[in-house]
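Biologist: I have a model open and want to learn how to read it. Where do we start?

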Amino acid sequence: AHGAAEVDMVICLGAAREGRLDAVAAEIRQVVEAARVPVKVILECCYFDDERKRELAMLAARSGAAFVKTSTGFGPSGATVADVRLLAAAVGGAAKVKAAGGIRDWQSCRAMLEAGAARIGTSAGVEIMRQWLAAEAGR
């Protein structure tokens with residue numbers, strides 16, 4: 001109501017780790033319904049094995065998420081190419097993937113995009129763009 005164009009949410013990590021995926025899905029659906037704008041669902045991939053990441057990504061997409069996001073950037077590790085590839089395959093176009101956490105240079109950014117990220121979350125955007133422009137000028 002005050003102009004937010006998107007909302008980010010972190011899944012309930014405790015429920016997800018305990019396998020209470022019905023509770024995770026219900027919370028996502030409630031946020032999506034209340035937000036009435038695209039919702040990015042942060043999975044915090046570093047806490048889960050590949051099977052659980054796949055389940056969570058599919059669950060988020062089925063629950064109405066516009067994006068599944070790799071991490072908050074505050075966990076023990078951030079985005080990995082393997083996670084981006086896994087999430088993109090899991091959602092199969094039903095949602096987009098946002099890679100976030102630890103992406104600090106153009107090479108890493110490009111790798112995430114090539115793996116299937118539709119959006120990048122970084123605090124190094126200016127530096128990444130400088131590197132991209134330098135790389136383009138060198139072609």
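Modeller: With burial. A residue is buried if its relative accessible area is under 20%. This is a predicted model. Take strand E4, residues 96–100: four of its five residues are buried.

Biologist: Which strands pair with E4?

Modeller: Strands pair if DSSP finds at least two bridges between them. E3, residues 67–69, runs parallel to E4, joined by three bridges. Look for Val68: it stands opposite Val97 in E4. E5, residues 119–121, also pairs with E4 in the parallel sense, over three bridges. There, Ala99 stands opposite Ile120 in E5.

Biologist: Which helices go with these strands, and what units do they make?

Modeller: Follow the path from strand over helix to strand. E3, helix H4 (residues 81–91) and E4 make a right-handed β-α-β unit. E4, helix H5 (residues 106–115) and E5 make a right-handed β-α-β unit as well.

Biologist: Now the cysteines. How many disulfides are there?

Modeller: A disulfide needs two cysteine sulfur atoms within 2.5 Å. A search of the whole structure finds zero.

Biologist: Is each of the two, Cys12 and Cys109, buried or partly exposed?

Modeller: Cys12 has a relative accessible area of 36%, so it is partly exposed. Cys109 has 8% relative accessibility, so it counts as buried.

Technical notes
Residues are numbered from 1 along each chain as its sequence is written. This is a predicted model: local features need pLDDT of at least 70, side-chain atom pairs count only at pLDDT 80 or more; totals for chains, interfaces and linings use all residues. Side-chain values use heavy atoms; hydrogens and water are left out. Buried means under 20% relative accessible area, exposed over 50%, partly exposed in between (1.4 Å probe, protein chains only). Helices (H or I, at least four residues) and strands (E, at least two) are DSSP runs, numbered from the N terminus. A crossover is right-handed if, with the strands pointing away from the viewer, the path from the first strand over the helix to the second runs clockwise.
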